[in-house]
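Please view the sequence and the structure together before reading on.

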Amino acid sequence: MTLRAQPKASHFIDGEYVEDDAGSVIESIYPATGEIIARLHAATPAIVEKAIASAKRAQPEWAAMSPTARGRILKRAADIMRERNRELSELETLDTGKPIQETIVADPTSGADSFEYFGGIAAAGLNGSYIPLGGDFAYTKRVPLGVCVGIGAWNYPQQIACWKGAPALAAGNAMVFKPSENTPLGALAIAEILHEAGLPKGLYNVIQGDRETGPLLVNHPDVAKVSLTGSVPTGRKVAAAAAGNLKHVTMELGGKSPLIVFDDADIDSAVGGAMLGNFYSTGQVCSNGTRVFVQRKIKAEFLKRLKARTEAIAIGDPMDEATQLGPMVSWAQRDKVLSYIEKGKAEGARLVTGGGIPNNVSGEGYYVQPTVFADVTDEMTIAREEIFGPVMCVLDFDDEAEVIARGNATEFGLSAGVFTADLTRAHRVVDQLEAGTLWINTYNLCPVEIPFGGSKQSGFGRENSLAALEHYSELKTVYVGMGPVQAPY
Ligand code: NAD
């Protein structure tokens, strides 16, 4: 029987689909129903070698092309992605369970933005500088790193494949991308589109695999850089392995971000921001503002409106355009989220709404109700650990200095947000919050033009913007002597 999202083969290497049945089986499951939609194989060491060798062979010629010519191909890929937005969004929904209402506006389109942006700035963003030195002078060049490895998480499979691929390719590198074993399908579609757009063979290879496969890529001597999107524990392992032979690394890791609502804020906007920052993608967003600090004076009103709007969320079939909240990506993630909800109850947080499994969906799907806890205190497990599900913790606060200190009291430093009508205060507060990406009077917007990434244990390096080009290239400095060499001997 043909499975409904079965790709031609598991891997995409050197411009074509490749299979190696010797690799362990990866079953791709549609999280809304538990249906197996594709059966793939993890890469064997031979597949890993093949992918890296193909990237290594193709990269020098690509790097020698003009950035404008490289960019043209990326922009063509962006156009194809937009033309196929519906088809790609359906695939993303099958891969992740995220509602089509979201994927159609947030996934392939975000990937296409990335190809369009990096295709456009490749020519201008890679310039070096001229440094006058009296008679002598020097100049710098921005050169590609070589073969880059991208390793993805399961929450935004297509976006992550593009956010890593676009700047890497624009800067003249080749990429070998390994999607998460939970969501193996989207990256293959991206690889196909890039080649249809004219990308020479070998420059964007996709191989499947899990935590056993990742190290084969990270430890490979021909790999110059590793960009990981994943959890903090994985980040520590990957960074340590990459340090073994001093590879470049970008780490996009987890978070437990504070979202602070002062009592002068527009309450409806703040409630909307908090809901987007906790329930979008069923809460599976690294930058989510999962610790919502609400100033005591507006607590009752904030919770009243939040409860009403949360209870009105349409949960159900992700392919139905009216559905606003789909299932978790996997049964394991569903169980993990439910166990955090139980911890919240046991440790004394007050359940405002949700807290279990919705009763209007199939028991085979990995659904969890959107859940709000109030009266959460800083030491509770649900306020300290990343849950990665639709669980919002509302904490009370009284004054600015207190909330800044409590907001920063975490090992993470990915994101933070502030809602207030007082713009002076907004800037003063974000200035003191320890995070890589911050929002004032909005939350979780990440257009390709702005740098995105974390501080503290949430990682280092940046994706998107001109900053990403810098992370996929390095400076070469050339000193030019214009006169005779003055040697003392
Ligand atoms: P994960 O850390 O379990 O896995 C991430 C990827 O790393 C997967 O492809 C996995 O196969 C691979 N991997 C696991 N062990 C490895 C190893 N030792 N060497 C090499 N590769 C290895 O993360 P996940 O569960 O897929 O994703 C959820 C996590 O990702 C959350 O913590 C979330 O916050 C984070 N995330 C961060 C961002 C960001 O941009 N900062 C975005 C999305 C998700």
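## The annotated site

Ser28 lies in strand E3 (residues 25–30); helices (H or I, at least four residues) and strands (E, at least two) are DSSP runs, numbered from the N terminus. The model is predicted: local features need pLDDT of at least 70 and side-chain atom pairs count only at pLDDT 80 or more, while totals for chains, interfaces and linings use all residues. Residues are numbered from 1 along each chain as its sequence is written, and side-chain values use heavy atoms, with hydrogens and water left out.

At 0% relative accessibility, Ser28 is classed as buried, whereas Ile29, at 25%, is classed as partly exposed. Here buried means under 20% relative accessible area, exposed over 50%, and partly exposed in between (1.4 Å probe, protein chains only). Ile29 also belongs to strand E3.

An unreviewed UniProt entry places the feature "binding site" at Ser28, Ile29 and Asp95. These residues span 68 residues in sequence, yet no two of their C-alpha atoms are more than 7.2 Å apart, so they gather at one spot. UniProt positions are given in the numbering used here, feature names are shortened, and annotations may be inferred rather than shown by experiment.

Leaving aside neighbours within four places in sequence, the contacts (heavy atoms within 4.5 Å) of Ser28 include Glu35, Asp95 and Pro184. With the corresponding neighbours left out, Ile29 touches residues including Gly34, Asp95 and Tyr366.

## A hairpin

Strand E5 (residues 130–133) and strand E6 (residues 136–144) pair in the antiparallel sense over four bridges; two strands pair if DSSP finds at least two bridges between them. Tyr130 has Tyr139 in E6 as its bridge partner. Two residues separate the strands of this hairpin, in which Gly134 adopts a positive phi near 75°.

## Helix H11

Helix H11 (residues 299–311) contains 13 residues and reaches 18 Å from its first C-alpha to its last, close to the 18 Å expected at 1.5 Å a residue. The expected span is 1.5 Å times one less than the number of residues.

Lys299, Phe302, Leu303, Leu306 and Thr310 are the buried residues of H11. They cover an arc of only 90° around the axis, which puts them on the same side of H11; the arc is that of the directions from the helix axis to the C-beta atoms. Among the elements they pack against are helix H10 (267–279) and strand E16 (391–397). The exposed residues Ala300 and Lys304 are carried on the face of H11 turned away from its buried side.
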